[in-house]
Amino acid sequence: MAGTNFHVHIVADTSVKLAGVRTALERKYGVTAELLGGTSVRRSEYHALVVNVDLRVVENIAALKKTLGSFSRVRKRIFLLDQTVHLCIAQAYALGATSLLTGPVNQTKLLSVLADRVSPGAPSPTETCDENEAATVGATAIASMFAAVANGTPIDVNGTKEAGSKIADQIAEKGLSDWLAAVRRHHEGTYQHCLLVTGIAIDFGLSLGLPRRDIERLYSAAMFHDLGKATIPLPILDKPGRLDAQERAIIETHPALGYDALKDNKNISSEVLDAVRHHHEYLDGSGYPDALCAENISDVVRILTISDIFSALIEDRRYKPSMPREQAYDILCGMQGKLEKPLVASFRQVALNR
Ligand SMILES: [Fe+2]
Ligand SMILES: [Fe+2]
């Protein structure tokens with residue numbers, strides 16, 4: 001059980017916030033705290049970091065970047081956000097958050113996130129960092145792109161590709177299941193989805209024996225594919241249950257929005273751009289935004305679409321438990337005429353065995 005030998009460091013931008021978080025934690029954990037931009041006595045190792053800073057203030061972000069540099073190896077980095085705003089969420093992940101809590105500070109929720117998966121046999125503060133490094137780098141890259149699109153600032157395409165390459169190395173070395181577990185443990189929502197799609201597309205490519213340059217196309221397409229969601233309102237993006245017709249129409253703008261955000265970037269190839277725009281097209285012409293038919297749908301898109309649907313089915317959402325991989329694969333098999341049959345058959349071993 002966690003206790004005072006479980007050490008948490010708090011960073012906040014006001015002394016009131018600092019005191020609030022400290023009070024919520026200090027009966028249960030060893031706590032140190034610092035005011036953003038100030039100084040503090042720190043331990044050499046922490047199990048968790050809790051950040052309660054207003055991320056709408058540009059100066060705070062610069063100051064946090066400086067502070068967080070020395071905590072990059074802390075495996076649990078919880079950000080408290082008082083508002084559920086796209087930009088703040090993207091910014092938090094871009095700064096390396098592994099979990100977010102929104103709304104007023106809630107002691108029960110905070111303690112439960114801290115206690116989550118902390119057991120007597122839990123690894124020491126630094127043991128699992130390397131295992132998660134690619135996931136952290138990937139989430140940071142994706143979140144940075146989302147923040148850039150929301151802010152109207154340039155997108156770091158090459159940084160994102162480098163992150164994709166790290167993910168490919170990790171999956172080639174450790175396999176898909178490790179990746180799925182690491183991503184689900186630490187990330188949520190759209191970032192979890194993009195990381196899962198990337199891992200699944202890479203593993204699908206590896207299982208098909210594709211050369212490295214094709215794997216690169218796949219991970220780039222997967223990392224960028226849902227970038228258009230950066231400007232879709234969160235209440236629609238994260239809505240539990242069915243969307244109405246108007247909400248669906250808004251969601252369905254995301255492939256073209258992503259394409260528009262990337263199309264003038266010289267570092268994006270035409271194949272990747274095509275995949276961003278067309279990852280919701282189906283062979284029978286029933287997809288969107290361009291209702292393409294089979295002959296106009298590339299192999300990269302076909303692989304990405306299968307990986308995307310499978311990933312959406314198996315991901316953890318706050319409002320629904322993740323679907324078992326067998327069941328998700330059965331759904332893919334039932335999508336007659338929409339997906340390439342031989343590819344779905346080849347996907348079987350990725351879906352069930354890898
Ligand atoms: Fe999408
Ligand atoms: Fe997607």
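Author: Helices (H or I, at least four residues) and strands (E, at least two) are runs assigned by DSSP, and they are numbered from the N terminus. The model is a predicted one, in which local features need pLDDT of at least 70 and side-chain atom pairs count only at pLDDT 80 or more, while totals for chains, interfaces and linings use all residues. Residues are numbered from 1 along each chain as its sequence is written, chains are lettered from A and ligands numbered from 1 in the order in which they are written, and side-chain values use heavy atoms, with hydrogens and water left out.

Reader: With that numbering in mind, where is Ala291 placed?

Author: Ala291 belongs to the loop between H13 and H14. Its phi is near 45 degrees, a positive value in a residue other than glycine. Pro289 is placed in the loop between H13 and H14, and a cis peptide bond, with omega of about 5 degrees, joins Tyr288 to Pro289.

Reader: How does one read the packing of two helices, and at what angle do the axes of H8 and H9 cross?

Author: Axes are lines fitted to C-alpha atoms, for helices over the stretch in contact, and the angles run from 0 to 180 degrees between N-to-C directions. Helix H8 (residues 189–207) and helix H9 (residues 212–224) have axes that come within 8 Å and cross at roughly 160 degrees. Angles under 35 degrees count as roughly parallel, over 145 as roughly antiparallel, 65 to 115 as roughly perpendicular and the rest as oblique. H8 and H9 are therefore roughly antiparallel to each other.

Reader: Is the crossing of H8 and H9 left-handed or right-handed?

Author: A crossing is left-handed if the near helix is turned anticlockwise from the far one by less than a right angle, and right-handed if clockwise. That of H8 and H9 is right-handed.

Reader: Which residues of H8 and H9 meet?

Author: Contact means heavy atoms within 4.5 Å. From H8 come Cys194, Val197, Thr198, Ala201, Ile202, Gly205 and Leu206, which meet Ile215, Leu218, Tyr219, Ala222 and Met223 in H9. By class, this contact has 10 nonpolar, two polar and no charged residues. Here Ala, Val, Leu, Ile, Met, Phe, Trp, Tyr, Cys and Pro count as nonpolar, Asp, Glu, Lys and Arg as charged, and the others, Gly among them, as polar.

Reader: What angle do H9 and H13 make, and how far apart are their axes?

Author: H9 and H13 pack at about 40 degrees, with axes 9 Å apart, and the two are therefore oblique to each other. The crossing is right-handed. Arg217, Ser220, Ala221 and Phe224 in H9 meet Glu271, Val272, Ala275 and Val276 in H13. In the contact of H9 with H13, five residues are nonpolar, one is polar and two are charged.

Reader: Let us turn to the metal sites. Which residues coordinate the iron ion (ligand 1)?

Author: Donors are N, O and S atoms within 2.8 Å of the metal (3.2 Å for Na, K and Ca); water is not among the atoms, so sites may look incomplete. Asp226 (OD), His254 (NE2), His279 (NE2) and His280 (NE2) coordinate the iron ion (ligand 1) at 2.1 to 2.2 Å. The spacing of these donor residues in sequence is D-x27-H-x24-H-H. His254 lies in helix H12 (residues 254–262) and His280 in the loop between helix H13 (270–278) and helix H14 (299–314), so the pair ties together parts that are 26 residues apart in sequence.

Reader: What geometry does the site of each iron ion have?

Author: Four donors count as tetrahedral if all angles lie between 85 and 135 degrees; four count as square planar and six as octahedral if opposite donors are over 155 degrees apart and all others between 65 and 115; anything else is irregular. The site of the iron ion (ligand 1), with angles of 84 to 173 degrees among its four donor atoms, is irregular.
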